[in-house]
Amino acid sequence: MSTSPSRFSLAPHELWRGIRSNARSDVLGGSLLLVATVAALILANSPAAPWYESVRDFTFGIPELHLELSVGAWAADGLLAIFFFVVGLELKEEFVTGRLRDPRQAALPIAAAVGGVAVPALIFVMINVNSGADVLRGWAIPTATDIAFAVAVIAVVGKFLPPALRVFLLTLAIIDDLIAITIIATFYTETISVPWLALALLPLAGFALLAQKGVCAWWILLPLAIAVWVCIHTAGVHATVAGVLLGFVVPVVPTERARVRAGNDESGEPLYDGMAPHFADRWGVVATLFAVPIFAFFAAGVTIGGLDGLRSALTDPITIGIIVGLVAGKPIGILATTFLLSRLPALRLDETLRWPDLVGMSFVAGIGFTVSLLVGELAYGSSSVADEHVKIGVLLGSFLAAVIGGVILARRNARARRAQLVD
C-alpha cells in the first residue's frame, strides 16, 4: 500500500518561495515598520529607556577608517544601504523595462513627485525663515515619501481601487526616492575626500564586471560591496549612496551571460530574469524583514517627556514645519502639479483614475517616515533636541497623513466595491 506525502510537507525551495512572497508583501513590510516604531516609542518612554539608549548609543568599529559608530549610526549608515541598494535596483529596472521607460506615461507621476518635494520644502522654509540657517538645514525633512508605509496603506484599504492608482503612487515614490538620494548626496555632504571617492571606483567596477558576467555568489560580491561602502563612507558621502550606486551597475535585461533561471513558460521553455530583478527579489527580503525595521527601531525612539515635552515640541517651528509639510504640502504639491499638467493635450491621466482617488493617494504620500528620519539626523545630529522634535514631527505628520489618506481611500474603496457588486 502506497503512502502519499503529507499535505503539509514542502520542498525547501517551495518553502523559501513562500517566505519570500510573504516577506515582499506590502502589508507585512508596513506592519513590521509599525511594530518597530511602536516598540521604540514604548521603550524610550518607559523605565527601560536607559537600556534602550545604552544599546542605541553603544559604539564599536574601526576608528582608523572613521568607522567607530554607534549601533544607531550603523543602522542608519549600514543597514539602510541595503534598503537603498534595493531602491537602486528597482529604479534601474523601472527606467529600463518598467513604468518609467515610456516618458509620456511616466511624465505625470514624475512631475507630481517633483511638486510633492518642492511644496513641503517651501512650507518648511516659510515657517522657519526667521529661525536661522542651522534650523533651515532641515528643509528636506518633509519632502520624502515612505514607499513601504504608503503602499501598505493602499494594500490594506484599497483592494477595489483602480490598479492605476497603485502604479501612480509607486512611480511617484520611486522618483521621490531618487530625489531624496540626490538631496542627501548634494546637500548633506559637507566635506568630500576625493582620493577615497576615487578608490571606491575600483571595487565598484569589479562588482559591475562580475554582475555583467552573471556572478551571483554572495561570498564574491559582498566583500566588493562592503569595500565600496567603506570607501564612500570614509570619503564623507553618506554611505547609503553606495547602495544606490551598486544597484545602478547591475544589469536588468537577461543576456546569455547574465541571467537567472526563473521557471518555465506554458510550453515548457525556460524563463530567465535579469540580474537586477533577481537581486531585488533576494535582498528585498533582507531589507523588509531586517534592515528597515531595525533602523526604525533605533531611529524612532524619541523621549517625549510627557505633556510638557509634547507641548514644547509642538510649539517648535521645526516640528510645525514638518507636520504642515507632510500633511498639507505633499497633497498640495502633488495635486496642483498633476492638475496643471493634465490640462496639456499630450499628458492625460489614466481613464480609470478619479480625482477623489488621487486626493487620498496624495495624503498617503505624506507618510515620510524612513527617509525623513534619516534626513533629520543628517540635518541636526543624532539625539539633539532638534532631532527629537524632528522625530515627533515626522511621526505625528506621517500618522495624520496616513489616517486622512486611509479614510478617504477606504470610503472610495467601499464605493468601488458596491459598484462591482451591482455590476
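Reader: Which residues form a nonpolar patch on the surface?
Author: W218, W219, I220, L222 and I226 form the patch, with about 540 Å² of accessible area together. A patch takes residues with over 30% relative accessible area and no salt bridge, joining like charges within 9 Å and nonpolar side chains (Val, Leu, Ile, Met, Phe, Trp, Tyr) within 5 Å. Areas are Shrake-Rupley values with a 1.4 Å probe, and for residues only the protein chains shown count as cover.

Reader: What sort of model is this?
Author: The model is predicted, with local features needing pLDDT of at least 70 and side-chain atom pairs pLDDT 80 or more, while totals for chains, interfaces and linings use all residues. Residues are numbered from 1 along each chain as its sequence is written, and side-chain values use heavy atoms, leaving out hydrogens and water.

Reader: Back to L222. Where is it found?
Author: L222 is in helix α10, residues 218-235. Helices (H or I, at least four residues) and strands (E, at least two) are DSSP runs numbered from the N terminus. L222 is partly exposed at 30% relative accessible area; buried means under 20%, exposed over 50%, and partly exposed in between (1.4 Å probe, protein chains only).

Reader: Salt bridges next. How many are there?
Author: The count is eight, taking a side-chain nitrogen of Lys or Arg within 4 Å of a carboxyl oxygen of Asp or Glu.

Reader: What does D176 form a salt bridge with?
Author: With K330; the closest N and O atoms are 2.7 Å apart. D176 lies in helix α8 and K330 in helix α14 (residues 317-342), so the pair ties together parts 154 residues apart in sequence.

Reader: Is D176 buried or exposed?
Author: D176 is buried, at 2% relative accessible area. K330 is buried too, at 0%.

Reader: And R259, which residue does it meet in a salt bridge?
Author: R259 meets E256, at 3.6 Å from N to O. R259 is partly exposed at 29%, whereas E256 is exposed at 68%.

Reader: What about R282?
Author: R282 pairs with D281 at 3.1 Å, N to O. R282 is partly exposed at 33%, and D281 is partly exposed at 21%. Elsewhere, salt bridges that share partners join D387, E388 and K391 into one network.

Reader: Helix packing: how do the axes of α8 and α16 cross?
Author: The axes of α8 (residues 163-187) and α16 (residues 369-380) come within 12 Å and cross at roughly 10 degrees. The two helices are therefore roughly parallel. The contact involves D177, A180 and I184 of α8 with V371, L374, V375 and L378 of α16, contact being heavy atoms within 4.5 Å.

Reader: How are the angles taken?
Author: Axes are lines fitted to C-alpha atoms, for helices over the stretch in contact, and angles run from 0 to 180 degrees between N-to-C directions. Under 35 degrees is roughly parallel, over 145 roughly antiparallel, 65 to 115 roughly perpendicular, and the rest oblique.
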